[in-house]
Amino acid sequence: MRRLDRQAGIALVVLGAAILAVVAFTTPWDLLRGAPSVPPDPARDFTAAEIARARAFDAATSVPAYLSLGLTVVFAGLLVATPLGARLLGRLRGPWWLRVVLGVVVLTAVVELLRWPLGMWFETELRAFGLSTQNWGSWTGDRLKSIGVRVVLLSVMVLAIVGLARRFKRWWVPAAAGAFVLTVGASFIYPVVFEPLFNDFTPMPAGQPRTRLLGLAERADVPVEDVLVADASRRTTALNAYVSGFGATRRIVVYDTLLAAPEKEVELIIAHELGHAKYNDVLHGTLVGGLGAAFGAVLLFCVAPLWRRPLSDPLAVGAVMGFLSLATVLSGPAQNVVSRHVEARADLHALDLTRDPETFISMQKRLAITNISDLSPDVVEYVLYASHPTAPQRIAMARSWELMNIP
Ligand SMILES: [Zn+2]
């Protein structure tokens, strides 16, 4: 092994170990220690009809979802393992950077065209179950916009990789640093640059709910400038709230669909989001994600010699995109494991702050029924998609909290 490869190998091991250590020591693995355990039980809180509806929705949507994921993985695999990318992009002409950008556009267009009918199938099921409020015009607009955002971000990444590979022999050093900075920067500007492309955000109107929510933030000792309302009802009937950004761009957002819910339930949802704000979950997740991106850049450098083409060649764009796509899919389950614990900690924060497990449970039921959440996902679904504990798990935790805290 050449010396420079050995250094990249050491960096890979050190970065990997650092990520594992940070995740191992900062993830709240053991919440509610010593509390009596309550097993999750969908039948206790949901009617047979509600359970059947969740099952039917899951069955109807999982086929197009799995096919779409399968297509993504197979296409990415072919790009990595075969000369497909070079064959598809062989006719592109022009300076290297133009061929890189066009390569990203062409390959994204190919996979998105294949996935398009599956997306329409999925949307048709959302409408059949009353979850989508879109027409095909706005659906198409949304999808094109999100593909556009992806093309822009991918172009920046691939241009940087090919550009660095053309200039430096040990390009993994600037690539790893660049991947970290790009991840952190993208997460920081996301709420002010990307989210407004899809929704309008307005400050929650002055009045009783707003005053109470800001009062809650004060009690939680989390400084919050404002609570924003997103016009989500133009797209969905689903209920949601979230925190995005950090530092100067941090905001708590609630869907406008949520405002019709009882005020005490909205308060519990905000109390959960305040938990995320209090523990700086977005910033923490972003920093770990940045380390993950740096790890990915070094890994790419280490596997690149396996390909026939050097990464300085614009025809290697396919292999790079396939690698990025596979890395994204494969890192998902690990992110979900951590995310579920972080979400449980935010739930616990909501319970500690409000001391109102009864409203917490009715809020979880409303969310699960309105969003037709999967109440008992199978192992594969849980591993691939569950970024949150299931509603029955969250309700069980509230009962466990109640047994421990309310005599
Ligand atoms: Zn959350």
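# A tour from the sheet to the helices

Begin by selecting Val243, whose bridge partner in strand 4 is Ile252. The model you have open is a predicted one, in which local features need pLDDT of at least 70 and side-chain atom pairs count only at pLDDT 80 or more, while totals for chains, interfaces and linings use all residues. Residues are numbered from 1 along each chain as its sequence is written. Helices (H or I, at least four residues) and strands (E, at least two) are DSSP runs, numbered from the N terminus.

**The sheet**

Stay with strand 3 and strand 4 (residues 251-255), which run antiparallel and are joined by four bridges; two strands are said to pair if DSSP finds at least two bridges between them. Ala241 also belongs to this picture, standing opposite Val254 in strand 4. Between the two strands of this hairpin lie six residues, and Gly245 there takes a positive phi near 70°.

Next, select strand 2 (residues 227-230), which is joined to strand 4 by four bridges and runs parallel to it; here Leu228 has Val253 of strand 4 as its bridge partner. Widening the selection shows an open sheet of four strands in the order 1-2-4-3, with mixed pairing. Its edge strands, each pairing on one side only, are strand 1 (201-203) and strand 3 (241-244). Neighbouring strands of this sheet are turned by 35° against each other on average, direction ignored.

Now colour strand 4 by burial, where a residue is buried if 20 or more other C-beta atoms lie within 10 Å of its own, exposed if 12 or fewer, and partly exposed in between, with C-beta atoms placed from the backbone. Five of the five residues of strand 4 are buried, so this strand is largely enclosed by the rest of the structure. In a regular strand the side chains alternate between the two faces of the sheet. Both faces of strand 4 are covered, with Arg251, Val253 and Tyr255 buried on one side and Ile252 and Val254 buried on the other.

Two packed helices are described by the angle between their axes and the distance between the axes. Axes are lines fitted to C-alpha atoms, for helices over the stretch in contact, and angles run from 0 to 180 degrees between N-to-C directions.

Select helix 7 (residues 172-193) and helix 10 (residues 281-303), whose axes come within 8 Å and cross at roughly 150°. Helix 7 and helix 10 are therefore roughly antiparallel to each other, since angles under 35 degrees count as roughly parallel, over 145 as roughly antiparallel, 65 to 115 as roughly perpendicular and the rest as oblique. The contact (C-beta atoms, placed from the backbone, within 7 Å) involves residues including Trp172 and Phe180 of helix 7 and Gly289 and Phe301 of helix 10.

Then move to helix 11 (residues 317-354) and helix 14 (residues 391-405), whose axes come within 11 Å and cross at roughly 45°, and which are therefore oblique to each other. Ala344, Asp347, Leu348 and Leu351 of helix 11 make the contact with Arg394, Met397, Ala398 and Trp401 of helix 14.

**A last stop at Gly85**

Finally, select Gly85 in helix 4 (residues 84-89). Why does Gly85 count as buried? Gly85 has 26 C-beta neighbours inside 10 Å, and therefore counts as buried. Leaving aside its neighbours within four places in sequence, Gly85 is in contact with Leu79, Leu107, Val317, Gly318, Ala319 and Gly322.

Methods: Contact = placed C-beta atoms within 7 Å.
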